[in-house]
Amino acid sequence: MSLLEPLLYPLIGAVAIIAVSSLARGRGLLYCLIAVSSLTASLAALLHLYTALPVAFTLDGFLPPNGVQLYLDSFGAFMALLFVGIGILAAAYSFKYMADDDGLEKYYALLLLLVAGLLGVAAAGDLFTLFVFWELMCISSYALVSFRNYRWEPVEAGFKYLVMSTVGSITALYGMSFLYGITGTLHISELVSRMPAVATPEGYFALVLIFAGFGVTSAIVPFHTWLPDAPPAAPSPVSALLSGVVIKAGVYATFRIMFTIFKPASYDFGLLLIVFGAITLTVGNLLVLPQRDIKRFLAFSSIANVGLILLAGGVAAYVLHAYDYTTAAAIASLALSGAAFHILNHAVGKGLLFLSSGCLIHSTGTRDIAELEGIARRMPWSGGAMSVGMLNLGGIPPLGGFWSKLLIMMAPAALLQDPLMAVCVAVMILNSLLAAGYYVWLTQRLVFKNAPAKAIREAPFSMLLPVVLLALACVAITLLLPSVIGFVSSAILPLMA
Amino acid sequence: MVDVTYSALLPAVLCWTIPVAGAFATLGLSKVGARARDYGAVLTSILAAISAASLLPLLPSEGLPIDIRFDWVTLPFSEMPLSIGAGFLIDPLSIILCNVVSVIGSLIMVYSLKYMEGDPSLTRYWFFMNLFLGNMLLLVLSDNFVQMLFGWEGVGVCSYALIGFWHSDSKEDWLKCWVGEGKESCPPSHSGMKAFIMTRFGDVLMLMGVFLLIVALGTANFLELQNGAASVAGPYKFLLLPAALLIFGGAVGKSAQLPLMEWLPDAMTGPTPVSALIHAATMVKAGVYLVARVFPIFYIALVADPALITFFQVVAWVGALTAFVAATQATVSTELKKVLAYSTVSQIGYMMLGMGVAGTVAEFYIGYAGGVMHLMSHAVFKAALFLSAGAVIHAVNSRFMYHMGGLGKKMPLTYVAMLASSLSLMGMPVFFSGFWSKDMVLESALLAGQYPLLMLGLLTVSVTCFYTVRMLGLVFHGKPSEHQAAEAAAGHLHLGDPSPKMTVPYQILAAATVAMGVTGYFQREWLVKLFAGYYSGIFALGHIEISEGLMPQLFTAALSTLFLLAGAVPAYLIYFRGRTPPQSGLLSSIRNLLFRRYYLNALYYALFVNPTMWLAERLYSAMEVGFFDRLNAGIAAAARSASSKLRKSHAGDLNYNVLAFAVGLALLMLIILVVVIW
Amino acid sequence: MTDAVSITVAVLIVAFAIIAVEVRDLVRMAAAFSLMSVMVAFAFYLMGSPYVSVFQLAVNAGAVTVLFLALLHVIKKRRLE
Amino acid sequence: MTMASSFPIISDASMPVVLIALLLGSLAALLMEGRHQRAAGAFSTALLAALLAATIPMLLHTGVGRAFPIFAAPFVGSASLFADGMSSILVSTTLLLAAAVSLYATRGAPLARCEGGDGHSPKRGFFALLLLYVAGLVGVFESSSLILFFVFFELMLVSSWLLIGLWGSGRSLAAGMKYFLYTEFGALLLLLGILAYGGATGTMDLLAMQQAPEPTSAVAVAVALMATGVLVKSAAFPMHSWLPDTYHSAPTAASALLSYSTIAVGGYALLRAFQSFAPSALGDGNFMLILSVIGLVNIVYGGIIAMRQSDMKRLLAYSSISQVGYMLIGVASSTYIGSLGVVIWAVAHGFGKSALFMIAGIFREYAGSDDLSRLSGLAGRMPVTSSMLLSSFLSLAGIPPLLGFWGEVFIFLGYAYSAVGGAPDYARLAVLTAGVIATVISAGYGLLAVKRALYGAQNDLSKNAKDPPASMWLPVVFFVIALCVFGIFPSLLTDAFWIYVP
Amino acid sequence: MAEVFTAAALALFLVGIYCIITKRNLIKIVVGMEIMTAAVNLNFISLAWNGEVADPLASSIVLISIAIAAAIAALALSLIINAFKHTGSVDSRKLRRLRW
């Protein structure tokens, strides 16, 4: 029962909200409380489980290798904690942000389903379960994106998101079907042992399909086209979830399948990850530059960050494939720790940025950066927290974003004599410059410009609280750096097996 | 480090600290009152003179040199363990120099009391004058190069401030404080800067030489350098000659020798006492002092590296050429102080000549003592000349000689003083100091067998006499100028000898030059003995028999008298008797060449100043604005255009989005096919 | 025998799919889609998965097709208004 | 070069205290709202002065290294705060400068008016950022680990960029952006070098090394990368183009510290890299020759352009470019004396340039303009300011008894030693000659500026000019006096100087 | 003869994606997605078929997949209605306001 708990609580919460709504219509506070408390319960359960990792749960009578299994190792738990953490804050934030909307019971229920889906992805022990929860996550996020369907923008973005993401999911499932064809199972630990040690073309075919399929959700260029549309169109808490954690679910699934099933020692997918990571990183960063819509700006930056994470994974995979294990292991674990750390930083940072930009939007009613100039002088708390987030993601030390980029760069820099690694470093360096540049530019616009003439009120407390908590989390990551690095480096151990 | 005698320490320290402290005291005293400030400043310089004089009793002593050293900078971990001490080297040279500087300096200060009376910036004046004296004394008393540089650059800064003293460049009294005519015209603030930067050129060469010397010998102390120079060996030997020549560069700059002489004529923009102090008695002598100071180092090192003879030859030739070139320019100058300025340059050339030829022969002491003696006598008579010239300029309200004329009767005391010192400048035998000292220099050239140098020196004698007589004639004889009439009409003219505060100093100096002339022979013998005795100990030569015949002396005296007359008589005829000088195209073009300073100044502007300024403009507009700004803007624009082009690919069309997905998928397959599987 | 049937079914699946994609009239498209779903269900049946086959018939060939038709109806009605 | 590795290292908890005090002080200044805002300046001045007093013992107890561990993380390694002689000198100088700058900014005209700012930026923020910037500088000088160094380097970068962006004048946003991008580019190259160094040697912490690493080619590449990054930060030609705009736009007080950090941080980082982390990895190669040639180009290029600048702050900026050249030549000498010269040069430049920037601010405020082409004949009206202007320029030109002289002497003496100390190296000899001769340029642009501003006839502006109140010129006079005192007693610095080598 | 259906699945997959890429009608795009889903389902079963029966695991996946596809189709169609409300058409070219 134990591993089921964190998954069940959000589902129960969702059902409870629907049930309550029929009794007491339109009670946003109540829904919000239910959502937050069920997610908190889920978080507590996760933390409780955390000491006993890895944990497995099997449905009675439906045993492996064919049965449905939940399995949580340290990597999954790491992701699950992130998912729930951001989920709680987004839910709490929604209380005021969504206060004027109708149909809030649906909203909160969908939010809980989304988090449940994310948790399921993290805790899936077989690809079947993974797919089911994946679709749960996807469908609820489609609905959330187009939640305000009385406006054209959410509808357009939602539909595009739906099509792209569904095509991706189907492609991934297609890839899984070939995996199944090769091994006759979908159970991850069985797959690990049944996959032939030598790479086969069918294997590669499956790999490519799965990579592209999950790549849509993780917004890898050129599969990224939904991302600039969906989070900006969605309500800010949903944007925070989408850009902060949903795309990480894609990365998680990609890494999980590639590193454990297609072992880098057998399948040479490092180059794929490096090429697509570098393209994603560069394109994402370049496209941030002309953006004038603050949420679109942030969304493109998410693409770039995913590219960096992918690049890190690519370096790890490449190194594990091309070098003997003794040299490769250290570098690969460095790169993967960096990637995981960056997942953490980006989730926290991008969550923070979307939520705080939500504060600005809530107070000013505009998303145009030009109209938001100097806003931090009027809204010091939101602006200050946002600055922390921007500097964090800009890679400015001593904030966490710097350290994760550092770890990621350390890996290829240790093998500078390898031209591919040197190219990786060069790409990372140039893109760090770009990223620092545009975040600095944004900070300048929002913080340094003269305050806008009209009176603007600071966001309400219940919105500020999650924002400030996230900003504090950024700071805490810095202060607790050694233990955080230790934590992420133990989190990626399952990928290294 | 020889015998440390602390009895010498006190005067040595006081000698330069009193003026420096006095300079800063002036700032405070100025709050008390004008008189306290003025007399305090003068008193300071007199106290310095007394301290310097109290070093004189050490002179004949056998105990010299005294080097008093304190730890200043020690670098124990350095790759060349270097310890730069602060200290004082008391030897005949420094004692003589500091007395010349402080005594003449204090007389000039007394003179300033009256001359500068009523100037609104007197505090600044006294401050820099005293600071100047202090730095000059520090310079001559220092026992090592680094400390000497403090004084060296200090006098440079003070001279900058004093030359540009009237820095408002007011056109109203440009007759007094500007210099030059037409294209050469130059205001005080400009010439101060020019002086500083031009001497700085020499200074940096010297700095370079000092660096090389320190690297070669591991010390900056003069005595240790002397001791080490003889035994320098191995890889460092080749450094000595460049070091010597570069250090001479510093002397060339400070002493306004060729080719860095162009700053000195312009430096006449300063108040006249400043000109007297800086350009007669003290600063420009620093170069000569420097050569005299490093003389033993390289003279000893001749044993290790005979190539060093080049150094001495260069010194001699630079000196002789400068002497001649500067003297010729003085013959056409229209400004009184400028004549004296060129004359200063020229006379310093003699000193260099003496020092230079001294190094080429075993009987170094004649040239060396000659150089020092000429330095002393020149200091005295040139100070007298400048101070009396100041009185004249003050009276006439103009620096141009064609504004003067016929002043002899109206300013008799001044005339007498100027006449006596002019005769000394000409080297009139036998009662004038210049005669003895100059002949000693010429004699050393003769003894060294350097006949071309001797010839140049003799020619210079003629030219010197020509311009000196011309100056006297133009200023004190002939008819009063129209300018005087105009000034008189305006009520500005106060012809007549100035008050005693001004006359007494130059009268004293003029008397001194005569006195030195009268005792010239003994003075000469004394100096020769002094230096020969002193350096024989240093060079470990044992006792030197001074083998100086009377014949060379008489021969040079006769020759120089001959050349003296050759220069003086035509000038006398033209400027006293009013004979019309011969006119010819050649002469007038020569005159023009001389008047334009051999185009050296123009050349410097064309070669260095203007190109630098042009470059400053061009570099800024072409490189900074034209290239780097554009580059930066270009990079920014490129990033912007790349992103806006890339942006176009995001057309927002759902079909295209899925197409992109398909293309990406195909690309993945392709990579797998091409790179991985094959 | 089964080979022939299999090949026929496979070809029909693809053919109906192409028709569904290419036909202009949306009602016919729905029909073609439904037929394709039926063929797929038949293929499932051929491959020994009768439950899946039934489910496919019910959901895809039935419900989804009805959804399409309903949508078409709504749109047509809106357009007429 | 063997250098003083036998000094004992003691544990010293005062270093983290100083840093934490700066960080907390920054926060405290930021929180001083409303009426307390005026107190922010006094607070920051007092804090800096107190911290300066706390660091003086580091200078006096020479020959002792001080260390205090900060963190040890997986992958990143360990890091301590660490101070040897070089660090101690630079830290104390930083605090001294910052205290004076803070005083100047406190007592001076309102920043917004003085700098043409928008009037909305509160003064408390200025002081908060100033303290943060100082924390960055102090941290940079006290990092034992390259990573920690980089962290503080970026802290410095960001806080100075904020200072420029928030309180700068003119097109300060664009200038701040340019500053940030250039220096960030340099910082990333530096980071790359640091990472490569870590990859090549296995550690990035000086104190964790048993001995200096073997000078392999990988180490050489890493150090060269680091050096290149630092060269951008220290505005070496042709990566200097961020500097003029930055100094021009930055508020006076920030430009003063910025110009110090350009040379001090650059020189420190290069010396640390070449002397402590990788002694002789590049020493014998042509790299040092190239470095000194870059230095020479900087001297000449910056100096010549400075001559015709009429905007005083721009002139000072180009002068800084020129001054950087000396630092590079000192570093390129790879000698103890040259290194000493670099540190002294940094101190002298910090004092002199700060004084000059403050004078530029005084001109703007009390003479109506800091445009030299509009100024004339100020000497008669502003005697104190004028004499300080002249003195500071003379220090830049290396004229004794001002401290700049010693910097120049040691730098060139060191380089002379490297050129002719062994077998004569004619390329170096040529650079030496050119470099020494090029020092004339410093005197040139300095005196030219002095002539333009101070001399000549008085005009309308100068007729109304007067010396500012004492509280504003006091820091300037203080700097000039400090330059004199250190120039006359250089052993105050030379005795405290040593560089740690594992 | 599973290969026949594997091949058919591939073809179906391509047809589906081709449909989404080329067709401007939103409804057809949804149909394309459904075709792709059918392709994947077919592929699963064909790979799970050992000649007699299919693996129950694959069957259960396909069951779920069909259900999910239906749900997505329903959601997509409701979005199409919303889009139709906003744009008055079901043309994908009308959904191009979010770009750049």
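1. Let me start with Tyr598(B), which sits in the loop between helix 23 and helix 24 of chain B. Helices here are DSSP runs of H or I with at least four residues, strands are E runs of at least two, and both are numbered from the N terminus. The phi angle of Tyr598(B) is near 55 degrees, a positive value in a residue other than glycine. Tyr598(B) is partly exposed, at a relative accessible area of 29%. For that scale, buried means under 20% relative accessible area, exposed over 50%, and partly exposed in between, with a 1.4 Å probe and protein chains only.

2. Before going on, a word on the model itself. This is a predicted model, in which local features need pLDDT of at least 70 and side-chain atom pairs count only at pLDDT 80 or more, while totals for chains, interfaces and linings use all residues. Residues are numbered from 1 along each chain as its sequence is written, chains are lettered from A and ligands numbered from 1 in the order in which they are written, and side-chain values use heavy atoms, with hydrogens and water left out.

3. Is Arg597(B) buried or exposed? With 0% relative accessibility, Arg597(B) counts as buried. As background, most residues other than glycine have a negative phi, and most peptide bonds are trans.

4. On to the cis peptide bonds. One joins Pro397(A) and Pro398(A), with omega about 5 degrees. Pro398(A) lies in the loop between helix 15 (380–393) and helix 16 (400–413) of chain A. Another cis bond runs from Phe237(D) to Pro238(D), where omega is near 0 degrees. Pro238(D) belongs to the loop between helix 8 (217–233) and helix 9 (242–249) of chain D.

5. Chain B as a whole has 25 helices and two strands. Its C-alpha trace spans about 115 × 70 × 60 Å along the principal axes. Of its 678 residues, 63% count as buried. Contact means heavy atoms within 4.5 Å, and among the contacts in chain B with a separation of 6 or more, 83% are between residues 24 or more positions apart.

6. Chain D contains 19 helices and three strands. Its radius of gyration is 21 Å, close to the 23 Å that the globule rule gives for 502 residues, so chain D is as compact as a globular protein of that length. The radius is taken over C-alpha atoms, and the rule is 2.2 Å times the number of residues to the power 0.38. The C-alpha trace of chain D spans about 65 × 55 × 40 Å along its principal axes, and buried residues make up 71% of the chain.8. The accessible surface of chain D is about 13300 Å², with 64% belonging to carbon and sulfur atoms. Ser462(D), in helix 17 (residues 460–463), is buried, at a relative accessible area of 1%. Leaving out residues up to four places away in sequence, Ser462(D) touches Ser376(D), Gly377(D), Leu378(D) and Arg381(D). Ser462(D) and Arg381(D) are 81 residues apart in sequence and 6.8 Å apart in space, C-alpha to C-alpha.

7. Finally, the interfaces. Of the six pairs of chains in contact, chains B and D share the most contacts. Between chain A and chain E, about 3500 Å² is buried, 78% of it from carbon and sulfur atoms. Phe159(A), Tyr174(A) and Tyr180(A) supply 20% of the area that chain A buries against chain E, more than any other three residues. Buried area is the accessible area (1.4 Å probe) that two parts lose on being put together, summed over both. No contact joins chain C and chain D, whose closest C-alpha atoms lie 52 Å apart.

Key
Areas by Shrake-Rupley, 256 points an atom, 1.4 Å probe, with all protein chains shown as cover.
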